Amino acid sequence: MSGFASLRLAFSAAILGALFCAPQALAQGAAAPTQTITLGPSGLPLPRFVSLKPARVNSRVGPGANYSVNWMYLKAGLPMEVIQEFDTWRRVRDADGSEGWINQSLLSGRRTAIVAPWQRGKGGRINLLDEPDKDAGVVAIVEPGVIGSIKKCDGQWCEMTFDGHTGWMAQSQVWGAYPGEKVKN
């Protein structure tokens with residue numbers, strides 16, 4: 001059997017399987033997905049958000065000082081997502097999706113976030129509000145890509161501080177808190 005024929009056969013089997021399983025899933029009702037928390041060797045959840053302690057941090061291609069540097073971060077407080085742990089090293093992902101290994105001593109549990117990094121360079125602006133309500137008064141206008149400190153998030157809104165201005169922003173507009181996550185910094 002050719003590679004194409006076996007691929008076509010596998011694809012057909014997957015389609016049939018989906019068709020036979022879908023009615024059962026619908027009959028059981030739309031149950032809310034159960035979110036399981038995975039703990040890393042440190043006992044902390046994976047994935048999780050942290051921030052950079054110093055203003056200069058090397059990201060390496062592997063978990064050790066002998067691995068080459070693939071990226072250098074030059075901003076203290078930059079939020080990072082820890083996605084894996086090995087000994088004292090943490091595999092992290094930044095808001096742009098770049099990944100690398102950073103020693104845990106260079107990471108902080110202080111929560112920060114980047115405002116709508118997916119809108120950088122598109123001319124949009126995000127309102128920082130005086131209360132967690134879309135109709136609330138505007139405290140400041142923040143450009144996408146700006147980093148702020150998270151004071152707390154309730155699952156829909158985050159109270160944040162940007163250069164001395166504190167207010168509320170929709171949690172969906174920040175990279176540094178998961179959708180629905182409650183944060184108390």
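# Reasoning about pockets, phi angles and salt bridges

Tutor: We start with the second largest pocket, whose volume is about 170 Å³. Remember that this is a predicted model.

Student: Which residues line the second largest pocket?

Tutor: Trp71, Tyr73, Leu78, Asp94, Ala95, Asp96, Ser98, Ile114, Arg120, Gly145 and Ile147. Each counts as lining because it has an atom within 4 Å of a pocket point.

Student: How does that lining divide by class?

Tutor: Six residues are nonpolar, two are polar and three are charged. Gly145 is in this lining, and Gly counts as polar.

Student: What about the largest pocket: how much space does it hold, and which residues lie nearest its centre?

Tutor: The largest pocket holds about 500 Å³. Its lining has 24 residues, and Pro45, Pro47, Arg48, Phe49 and Tyr178 lie nearest the centre. By class, 11 of the lining residues are nonpolar, eight are polar and five are charged.

Student: Which strand gives the largest share of that lining?

Tutor: E3, with three residues. Strands E2, E3, E6 and E9 each supply at least two.

Student: What makes the bond from Leu46 to Pro47 stand out?

Tutor: That peptide bond is cis, with omega near -10°. Pro47 sits in the loop between E2 and E3.

Student: Why is Ala116 called buried?

Tutor: Buried means under 20% relative accessible area. Ala116 has 0%, so it is buried.

Student: Asp163 also has a positive phi. Is that residue buried or exposed, and how do you know?

Tutor: Phi of Asp163 is about 45°, and the residue is in the loop between E14 and E15. Its relative accessible area is 79%. Exposed means over 50%, so Asp163 is exposed.

Student: How many salt bridges does the structure hold?

Tutor: Nine.

Student: Why is the pair Glu81 and Arg93 called a salt bridge?

Tutor: The cut-off is 4 Å between a side-chain nitrogen of Lys or Arg and a carboxyl oxygen of Asp or Glu. Here N to O is 2.9 Å, so the pair qualifies. Glu81 lies in strand E6 and Arg93 in strand E7, so the pair ties together parts that are 12 residues apart in sequence.

Student: What are the burial classes of those two residues, and why?

Tutor: Glu81 has 9% relative accessible area, under the 20% limit, so it is buried. Arg93 has 27%, between the 20% and 50% limits, so it is partly exposed.

Student: How do you know that Arg91 and Glu99 form a salt bridge?

Tutor: Their N to O distance is 2.7 Å.

Student: What makes Arg120 and Asp96 a salt bridge, and which parts of the chain does the pair link?

Tutor: Their closest N and O atoms are 3.2 Å apart, which is within the 4 Å cut-off. The pair links distant parts of the chain, 24 residues apart: Arg120 in the loop between E10 and E11, Asp96 in the loop between E7 and E8. Arg120 is partly exposed at 36%. Asp96, at 59%, is over 50% and so counts as exposed.

Technical notes. Residues numbered from 1 in each chain as written. Predicted model: local features only at pLDDT ≥ 70, side-chain atom pairs only at ≥ 80, totals over all residues. Heavy atoms only, no water. 1 Å grid on protein atoms, 1.4 Å probe; cavity = no way out; pocket = protein on both sides within 12 Å on 5 of 7 lines; lining within 4 Å. Points joined across faces, edges and corners; volume = space filled by probe spheres on them. Helix = DSSP H or I, 4+ residues; strand = E, 2+ residues; numbered from the N terminus. Buried < 20%, exposed > 50% of the residue type's maximum accessible area, 1.4 Å probe, protein only.
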